Amino acid sequence: MHLDPAVPPEGTDPRQYARLLARVHEAVLNGEAPSASPRPVIHESWQRVLATGVDPDRGAATGPLTVEEVEHQRRTCGLSDVLDTLRGSLLSIADASWHILVIADREGRVLWRGGSRAVLTKAQSLGFVEGASWSETTVGTNAIGTALVTRRPVQVHSAEHFVRTHHAWTCAAAPIRSPRDGRVLGVIDVSGPASTFHPSTLALVDAVGRLAEAELRTAHLGDLERLRSVAAPVLARIPDRALVADRHGWVAAVSGLAPVDRVVLPGTVHDGQAWLPALGRCAVEPLPGGWLLRVMEEESAPPTRIVLDVRHPRQAYLKVEGPSGTWTHDLSPRHAEVLLVLAEHPSGRTAAELADDLFGDRSRTVTVRAEVSRLRRQLAGLLQHRPYRFADGVRTDVVRPDEPTALLPHSTAPAVCRLRRAAQEGRAMTPAAAGR
């Protein structure tokens, strides 16, 4: 039997379903074959949590942030500007339906709570308080922590929670992403007693999360327009090829260069010089809200090594090494998928093959060509086409996580799913795994 993606399935007695989930949970923890298979998102989360050694009775022992630390996180997490939208859209609904509204930062730390007083008191007894960590590595499978890892809206019901004391709860959470760099800024969550489960909760939470992202996008465009007004007189005085970009690489204005939406900046930019794949060596000067990048005319030596670091479940990195220096950049989820697939196929992939790898549909070549074209503009000289592959003469290394299910866990690309399965099967065949 396979548990339905809806939790609980329509027409199912919630109490009977909760008992079934509890039996599945106990069987998995005891290393036995369960009578039903948990949903894939829950199964993969349980595997990640089991690998970290979280106690299924108590979770991991971590103290909450202090009041001062919570206040600091509220100011700096990037969600303060949309707090009114988040609370105004859901707080009254949560209160009326015996739920609580929770907003957490990108590490899963609870920053705000509100809603039903009775449910807030119950949450207090679990340590579900402001400043507490609700990441998977702290309290196991739960809507907040699992949404952070998968980067997708998640509903976790009853015994789908890893820690037994959470089995009386049902939770729905959605991540909120920054329009500037694609990073997850935090999570909006609605939680309550398992008996209050409603299938529309997840859709409602996700809709409010998307509304908050739209507000953040509007603010981002406003900041870019203000930077553009600063850039115009600066570039008018410069005879060299130059551009002005914000601190995330979004281009406000260019001079002597082809128009481009964004340049890939290294993880850390300093006043002085920097090597960029798309531009070569540049002189860097700070501007209010961004950087002035002036292209230096001397030829830059090509890179010699690329390191794709996918060890971390929530962020992948690209490191480029060469005679001109070392450069590191955070990758978007889609670009991490593309580069991982190309690293697995050194001889290259056609557009149709890459479409099959990413979408399971060889006909989606237009989407693939557009995505790889953007990536090639950002990583000029590092990627070649016909077929798509890493540049000749560049050594490519991939740093993978120890736990197979932690390999880009947000990804549903068929090629990445195959890599996760192959890694799990290979691990199961090792003597160390067999002895566990």
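His 220 lies in helix α8 (residues 201-236); helices (H or I, at least four residues) and strands (E, at least two) are DSSP runs, numbered from the N terminus. This is a predicted model, in which local features need pLDDT of at least 70 and side-chain atom pairs count only at pLDDT 80 or more, while totals for chains, interfaces and linings use all residues. Residues are numbered from 1 along each chain as its sequence is written, and side-chain values use heavy atoms, with hydrogens and water left out.

**His 220**
- His 220 counts as buried because its relative accessibility is 5%; buried means under 20% relative accessible area, exposed over 50%, and partly exposed in between (1.4 Å probe, protein chains only).
- Not counting residues up to four places away in sequence, His 220 touches Pro 179, Arg 180, Asp 246 and Trp 250, where contact means heavy atoms within 4.5 Å.

**Nonpolar cores**
- A nonpolar core is a set of buried Ala, Val, Leu, Ile, Met, Phe, Trp, Tyr and Cys residues joined through side-chain atoms within 4.5 Å.
- The largest one has 49 residues, and Val 263, Leu 293, Leu 318, Trp 327, Leu 339 and Leu 354 have the most contacts inside it.
- Helix α9 (residues 333-344) gives the most to this core, with six residues.
- A second, separate core has 34 residues, including Val 24, Phe 128, Ala 147 and Phe 162.
- Leaving aside neighbours within four places in sequence, the contacts of Val 263 are Leu 243, Ala 245, His 248, Gly 249, Val 251, Leu 279 and Leu 293.

**The five-stranded sheet**
- Five strands form an open sheet in the order β7-β6-β10-β9-β8, with antiparallel pairing; two strands pair if DSSP finds at least two bridges between them.
- At the edges are β7 (251-255) and β8 (272-276), each pairing on one side only.
- Strands β6 (residues 242-246) and β10 (residues 290-295) run antiparallel and are joined by five bridges.
- Ala 245 has Trp 291 as its bridge partner in β10.

**Helices α10 and α11**
- The axes of α10 (residues 351-359) and α11 (residues 365-378) come within 8 Å and cross at roughly 95°; axes are lines fitted to C-alpha atoms, for helices over the stretch in contact, and angles run from 0 to 180 degrees between N-to-C directions.
- The two helices α10 and α11 are therefore roughly perpendicular to each other, a label for angles of 65 to 115 degrees.
- From α10, Ala 351, Ala 352, Leu 354, Ala 355, Leu 358 and Phe 359 meet Thr 365, Thr 367, Val 368, Arg 369 and Val 372 of α11.

Key: Angles under 35 degrees count as roughly parallel, over 145 as roughly antiparallel, 65 to 115 as roughly perpendicular and the rest as oblique.
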